[in-house]
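Here is a quick walk through a protein model, written for someone who would rather look at side chains than read tables. Keep the structure open beside you as you go.

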Amino acid sequence: MVYAIVILLLAAVFYVFFIFPTQWLKVVRVKQPLGIGAKVIQISDIHIENLRVPAGRIRKLIEREKPDYIFISGDFTQKEHMLPRIERYLARALVPGIPAYAVYGNHDYRLDSEGIKKLSAVIRNAGAELLLNRSVKLDGFQLVGIDDFGTRHSKVGEAFRNVDSSLPVIVLTHDPNVIDAIDREYDYLMAGHFHGMQFYIPFLFRFIDKGAVAKRGIVQGLHRERGRLIYISAGMGQTDPNARLFIRSEITIHEL
């Protein structure tokens with residue numbers, strides 16, 4: 001009997017500290033007066049194979065907030081057999097009529113070339129437009145999509161090729177480490193990738209190599225680097241193990 005109680009207590013502690021943070025979605029609001037007058041919902045690091053946030057929760061948030069845009073900063077899935085699941089998730093979560101833009105993350109590029117083609121089709125069918133090293137002019141600003149830096153797919157010069165410097169520039173990317181390679185002006189950058197460390201242990205990324213930006217302690221939230229504003233989402237899903245410690249799953253609302 002005592003052993004059973006101990007096991008139940010340990011299971012409860014494990015759930016509260018490691019599983020519950022993956023289910024208890026944190027909605028972060030960031031207000032930055034860029035003069036654009038746009039509300040953007042950022043979804044990052046879905047990792048559909050390790051996701052415990054239901055699509056209906058995202059759908060209700062989008063319908064309530066009525067954003068002007070939805071930006072998805074990469075890492076949909078790394079497994080081809082999960083493509084039907086990500087297709088269903090995006091269909092349930094995204095709201096038709098709200099423009100959505102996306103980039104790939106490093107885990108997406110673990111798919112083979114055929115898998116990447118299928119993922120591209122899934123994203124397009126969900127109503128989102130992929131911005132892979134290219135820009136698009138939107139209402140009062142320009143959105144620059146830079147492909148994943150960690151897998152060497154980013155081409156900064158190509159992404160900025162048609163950018164009009166007279167308009168505010170927002171960059172959407174996955175890996176924040178790309179900021180050290182951007183030699184062009186921009187006003188705001190959104191990324192993900194680090195999961196807020198996933199297991200939030202101080203100085204962890206000084207010992208685990210996640211790139212120069214992470215080593216500087218920049219792993220989540222709003223920062224000013226090289227005079228430019230960057231925001232790093234803690235993301236919604238997880239890489240293995242499918243757990244978090246002292247950091248909740250996140251979706252971000254940017255008022256710009």
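## Arg228 and its partner

R228 is buried, with a relative accessible area of 9% (buried means under 20% relative accessible area, exposed over 50%, partly exposed in between, with a 1.4 Å probe and protein chains only). R228 pairs with E185 in a salt bridge whose closest N and O atoms are 3.8 Å apart (a salt bridge is a side-chain nitrogen of Lys or Arg within 4 Å of a carboxyl oxygen of Asp or Glu). E185 sits in the loop between β8 and β9 while R228 is in strand β11, so the pair ties together parts that are 43 residues apart in sequence. Strands here are DSSP runs of E with at least two residues, helices are runs of H or I with at least four, and both are numbered from the N terminus. E185 itself counts as exposed, at 63% relative accessibility.

A word on ground rules: this is a predicted model, where local features need pLDDT of at least 70 and side-chain atom pairs count only at pLDDT 80 or more, while totals for chains, interfaces and linings use all residues. Residues are numbered from 1 along each chain as its sequence is written, and side-chain values use heavy atoms, with hydrogens and water left out.

How many salt bridges does a search of the whole structure find? The search turns up nine. Side chains of opposite charge can pair when their charged atoms come close. One of these pairs is K118 with E80, at 2.7 Å from N to O. K118 is in helix α4 (residues 113-125) and E80 is in the loop between β3 (69-73) and α3 (83-93), so this pair links distant parts of the chain, 38 residues apart. Both ends are partly exposed: K118 has a relative accessible area of 37%, and E80 has 30%.

D180 and R226 make another salt bridge, with their closest N and O atoms 3.3 Å apart. D180 belongs to the loop between β8 (169-172) and β9 (188-191), and R226 to the loop between β10 (221-225) and β11 (228-232), so the pair ties together parts that are 46 residues apart in sequence. D180 is partly exposed at 28% relative accessible area, whereas R226 counts as exposed at 56%.

## Two buried spots

E65 lies in helix α2 (residues 55-65) and is buried, with a relative accessible area of 10%. What do the side chains of E65 and R29 share? They are joined by a polar contact of 2.4 Å (a pair of N or O atoms within 3.5 Å; within protein, one must be able to donate a hydrogen and the other to accept it, and residues adjacent in sequence count only if both atoms are side-chain atoms). The E65 side chain also makes a polar contact with the side chain of K39, at 3.0 Å. Setting aside neighbours within four places in sequence, E65 is in contact with R29, K39, I41 and I253 (contact means heavy atoms within 4.5 Å).

L138 is in the loop between β6 (134-137) and β7 (142-145), and counts as buried at 13% relative accessibility. Leaving out neighbours within four places in sequence, L138 is in contact with Y69, Y101 and L143. P99 is 39 residues away from L138 in sequence, and their C-alpha atoms are 10.0 Å apart in space.

Most residues other than glycine have a negative phi, and most peptide bonds are trans. H193 has a positive phi, near 80°, and M197 has one near 85°. H193 lies in the loop between β9 and α6 (204-207), and M197 is in the loop between β9 and α6 as well. H193 counts as buried at 17% relative accessibility, and M197 is buried at 9%. Then there's the peptide bond from D240 to P241, which is cis, with omega near 0°; P241 lies in the loop between β11 and β12 (250-255).

## What the record says

An unreviewed UniProt entry annotates residues 6-25 as "transmembrane region". In the model that span is 90% helix and 0% strand, with its end C-alpha atoms 29 Å apart. The UniProt annotation "domain: Calcineurin-like phosphoesterase", also from an unreviewed entry, covers residues 39-196. UniProt positions follow the numbering used here, feature names are shortened, and annotations may be inferred rather than shown by experiment.
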